[in-house]
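Good morning, and thank you for joining this group meeting. I would ask you to have the sequence and the model open while I speak.

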Amino acid sequence: MIVAEAVGRALAARGVEAVFGVVGSGNFHVTNALIAAGARFVAARHEGGAATMADAYARMSGRAGVLSVHQGPGLTNALTGIAEAAKSRTPLVVLAGEATDRRSNFHIDQDALVAAVGAVAMRVTSGEEAWERAEEAYRVAVEERRTVLLSLPLDVQSQPCPTAPTAGSGPATGSVSGSVPTTPGPGVTAAGSGSAARAAVGGFGPAAWSATGGDEGDLPLPAEVDALARLLTEASRPVFIAGRGARHARRELEALADRAGALLATSAVARGLFRGSPWDLDVSGGFATPLAAELIAGADLVVGWGCALNMWTTRHGSLLPAAGQVVQVDLDPAAIGVHVPVDLGVTGDTAAVATALTGLVPAAAGYRSAAVESRIRAEGRWRAVPYEDQGDGGRIDPRTLTIGLDDLLPAERVVAVDSGNFMGYPSMFLDVPDENGFCFTQAFQSVGLGLASAIGAAVARPDRLPVAALGDGGALMGAAELETVVRLGLPMVVVVYDDEAYGAEVHHFGPHGYPLDTVTFPSADLAAIARGYGFAAVTVTREADLGGVAEWLKGPRDRPLLVHAKVTRDRGSWWLEEAFKGH
């Protein structure tokens with residue numbers, strides 16, 4: 001066995017089920033080793049797409065993602081997707097060949113490259129350590145929720161491994177839950193070599209991203225828990241905002257909210273977590289409905305659970321109660337108070353903290369009343385908010401478009417959204433069944449990741465209809481992956497909101513009289529482009545055109561569908577207007 005084979009086999013032994021990438025000479029053998037050991041290889045048309053697919057797969061599956069790329073340009077091509085994953089703390093292992101000879105055209109400082117975007121750099125330097133280094137890369141990715149580059153120098157890959165892996169060398173699972181026995185209690189920190197391993201929670205996918213065992217340093221901190229219990233007991237209008245780090249904790253948070261009388265909301269990345277609850281306000285922040293914004297701003301206690309409480313989630317702080325209390329619960333003590341001042345920080349896993357509190361807080365009505373419940377039922381979703389349709393026959397209002405799609409598409413769906421002026425419409429008017437139905441890669445705010453995100457989500461959730469929501473700019477950036485959708489046989493619906501521009505820039509700079517020639521484009525027949533890749537396609541300029549979508553849904557759905565929607569473009573979306581207040 002050589003190094004490249006050992007690395008592939010080691011990762012497969014940990015339960016890696018899927019690897020995404022573009023294969024060149026430098027990652028040929030390690031990719032084949034993963035395939036031989038039972039992993040599925042998903043070939044992308046560009047390394048940037050492959051990186052984003054692996055990221056989305058990890059988010060929606062609850063398993064570690066794996067990306068395989070060529071040395072040098074293979075890695076640089078993937079860098080934007082790696083940056084998004086690193087900023088999102090996605091458990092992802094990047095396997096890359098490495099040219100260590102400085103005379104090679106492929107030589108770059110790979111460590112510095114990925115460190116610049118927040119990833120962890122590791123390397124296999126000999127046959128003796130190959131298996132161990134692969135396992136360590138996997139451990140850091142999963143337990144510390146990091147994106148890890150494992151460089152495989154070309155002259156090392158062919159070295160023999162003197163020892164084969166031994167049976168029982170570790171838990172053979174790619175899911176963070178199941179690979180570890182327990183969840184830490186409140187007070188667990190994410191700093192230090194021991195506690196960092198135990199702080200591997202965060203609730204990314206449907207599996208709970210649980211952490212490893214407990215020791216004396218991981219026991220609950222009674223002072224923190226008691227202080228939050230007192231605040232909950234005293235509050236008359238509490239609101240919980242759950243983020244990425246609480247996606248595994250719905251049951252525990254709902255039990256505590258029921259006890260304290262709290263209303264429930266999420267950050268955008270955790271959208272759908274409380275779907276079905278009569279107290280679900282949906283998303284807090286720029287995407288919030290008028291009712292959600294009113295009720296959150298009217299709270300006397302806001303508790304962020306595994307949520308950064310950044311400017312997007314709090315509308316630049318305006319949703320936080322001026323005269324109330326703000327609490328943040330997070331595994332990482334360094335994350336507490338970064339974006340907004342907090343009155344109390346509690347360090348620990350969200351599920352464990354909520355469980356500890358439920359027995360301490362007396363039952364109270366809190367913010368819950370028949371009147372509030374009635375208003376949430378009547379006004380709690382954007383499609384219930386009245387609007388004046390701006391469609392003119394040649395262009396469709398994006399709200400009308402998205403409501404029509406929401407009515408047509410099956411409820412069991414997974415929606416992936418690209419970045420741009422349009423993004424609020426699919427994010428808020430397309431409903432999702434739960435937190436595993438919404439893939440939102442916006443930590444880096446890069447245009448062009450939406451289609452690849454949908455592919456990764458589709459591989460993770462083959463039981464759901466994948467829906468990619470893109471702007472025309474992002475659609476053309478990622479167009480190569482249309483072939484991947486067709487090749488994989490994914491019954492995907494790709495919706496392109498086409499305003500023939502980078503709309504965010506148009507609406508940001510246009511009102512000030514700046515020329516817009518650099519951010520506006522002539523019309524392109526995106527439906528024809530999609531048909532060239534093997535899609536079915538329909539162009540939508542008015543609501544009646546959605547009949548083409550209804551026909552496709554009747555079956556056999558043997559080809560993916562692209563909906564080329566020519567949308568109105570006279571003004572920016574509501575969320576963009578809100579976001580510009582911070583510029």
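First, the conventions. This is a predicted model, in which local features need pLDDT of at least 70 and side-chain atom pairs count only at pLDDT 80 or more, whereas totals for chains, interfaces and linings use all residues. Residues are numbered from 1 along each chain as its sequence is written, and side-chain values use heavy atoms, with hydrogens and water left out.

Let me begin with the sheet. Six strands form an open sheet with parallel pairing, in the order S9-S8-S7-S10-S11-S12. Strands here are DSSP runs of E with at least two residues, helices are runs of H or I with at least four residues, and both are numbered from the N terminus. Two strands pair if DSSP finds at least two bridges between them. The edges are strand S9 (280-283) and strand S12 (344-347), each of which pairs on one side only. On average, neighbouring strands of this sheet are turned by 20° against each other, direction ignored.

Within the sheet, strand S7 (residues 238-242) pairs with strand S10 (residues 301-305) in the parallel sense over 5 bridges. Phe 240 has Val 303 in S10 as its bridge partner. Helix H11 (residues 250-260) lies across S7, strand S8 (263-266) and S10, and runs at about 170° to S7. Axes are lines fitted to C-alpha atoms, for helices over the stretch in contact, and angles run from 0 to 180 degrees between N-to-C directions. Contact means heavy atoms within 4.5 Å.

Now the helix pairs. The axes of helix H12 (residues 290-297) and helix H15 (residues 370-379) come within 9 Å and cross at roughly 150°. H12 is therefore roughly antiparallel to H15; angles over 145 degrees count as roughly antiparallel, under 35 as roughly parallel, 65 to 115 as roughly perpendicular and the rest as oblique. Leu 291, Glu 294 and Leu 295 of H12 make the contact with Val 372, Arg 375, Ile 376 and Glu 379 of H15. These residues divide into 4 nonpolar, no polar and 3 charged. For the classes, Ala, Val, Leu, Ile, Met, Phe, Trp, Tyr, Cys and Pro count as nonpolar, Asp, Glu, Lys and Arg as charged, and the others, Gly among them, as polar.

In the second pair, the axes of H3 and H5 come within 7 Å and cross at roughly 25°, so H3 is roughly parallel to H5. Here Ala 51, Thr 52, Asp 55 and Arg 59 in H3 meet Gly 81, Ile 82, Glu 84 and Ala 85 in H5. By class, this contact has 3 nonpolar, 2 polar and 3 charged residues.

Finally, what lines the largest cavity, by class? The lining has 11 nonpolar residues, no polar and no charged. H22 gives the most, with 3 residues.
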